[in-house]
Amino acid sequence: MKNQFLEAGEIVNTHGIQGEIKIMPWTDTPDFLCDFKTLYLDGEPRKVLSARVQKNCVLVRLEGVNNVNAAMVLKGKTVSIARADAKLPEGRHFLADLMGLEVRNADTDEILGILTDVLPLPANQVYVVKGEREYLIPAVEEFLIETNVEGGYLRVRLLEGM
């Protein structure tokens, strides 16, 4: 069952004296978080008054957080979004939905293992698959043949010697 909320970042600091918080996003791009009218902290909804990107972070003003002291209390908290509010392009998936999927060899239908981690490397993401051995599979279309979240599996094509 898919979670109603998805973890999307961490509050790493405050910004200024007006209560703005600095969020380190766990998303493909920081501006993805700027599209949400509501963020969730400890499962509680918080209305977003403003959001903007600064370098690789997002600066956010939340309703009820009006000064630096109120913002400091939030430091270290995980920020979540409602799955229903998030719109992804066709063929894209949340990493939370991919974790734990069974990974199969597209050529032999052999089960290689379970997707346990995603490494965010500079060129592209790399899927870590653990089974009888560990596989590091680049998350690019040459290797990813089919992603079936509902069916609970990924089909991948391996290079010889991989």
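This is a predicted model: local features need pLDDT of at least 70, side-chain atom pairs count only at pLDDT 80 or more; totals for chains, interfaces and linings use all residues.
Me: Which strands close into a barrel, and in what order?
Reply: The barrel is formed by 6 strands in the order β1-β2-β5-β4-β3-β6, with antiparallel pairing. Its neighbouring strands are turned by 50° against each other on average, direction ignored.

Me: How many bridges pair β1 with β6?
Reply: Strand β1, residues 5–15, pairs with strand β6, residues 78–82, over 5 bridges in the antiparallel sense. Within this pairing, Phe5 has Ala82 in β6 as its bridge partner.

Me: What about the open sheet; what is its strand order?
Reply: The open sheet also has its order on record here: 6 strands run β10-β9-β8-β7-β12-β11, and the pairing is mixed. Because β10 (134–138) and β11 (144–148) stand at the edges with a single partner strand each, one side of each is left without a neighbour in the sheet. Neighbouring strands of this sheet are turned by 30° against each other on average, direction ignored.

Me: Which residue stands opposite Tyr127 in β10?
Reply: Tyr127 stands opposite Ile137 in β10. Strand β9, residues 125–130, is joined to β10 by 5 bridges, and the two run antiparallel.

Me: Changing topic: what volume does the largest pocket have?
Reply: The largest pocket has a volume of about 940 Å³. The elements giving two or more residues to its lining are β1, α2 (95–98), β8 (111–120), β9 and β11.

Me: Which residues lie nearest its centre?
Reply: Of the 30 lining residues, Asp28, Arg92, His93, Leu95 and Gln125 lie nearest the centre of the largest pocket. By class, the lining has 19 nonpolar, 6 polar and 5 charged residues.

Key
Residues are numbered from 1 along each chain as its sequence is written. Side-chain values use heavy atoms; hydrogens and water are left out. Two strands pair if DSSP finds at least two bridges between them. Helices (H or I, at least four residues) and strands (E, at least two) are DSSP runs, numbered from the N terminus. Axes are lines fitted to C-alpha atoms, for helices over the stretch in contact, and angles run from 0 to 180 degrees between N-to-C directions. On a 1 Å grid over the protein atoms alone, a cavity is a set of points where a 1.4 Å probe fits but cannot get out, and a pocket is an open set with protein on both sides within 12 Å along at least five of seven lines; lining residues have an atom within 4 Å of a point. Grid points are joined across faces, edges and corners, and a volume is the space filled by probe spheres set on the points. Ala, Val, Leu, Ile, Met, Phe, Trp, Tyr, Cys and Pro count as nonpolar, Asp, Glu, Lys and Arg as charged, and the others, Gly among them, as polar.
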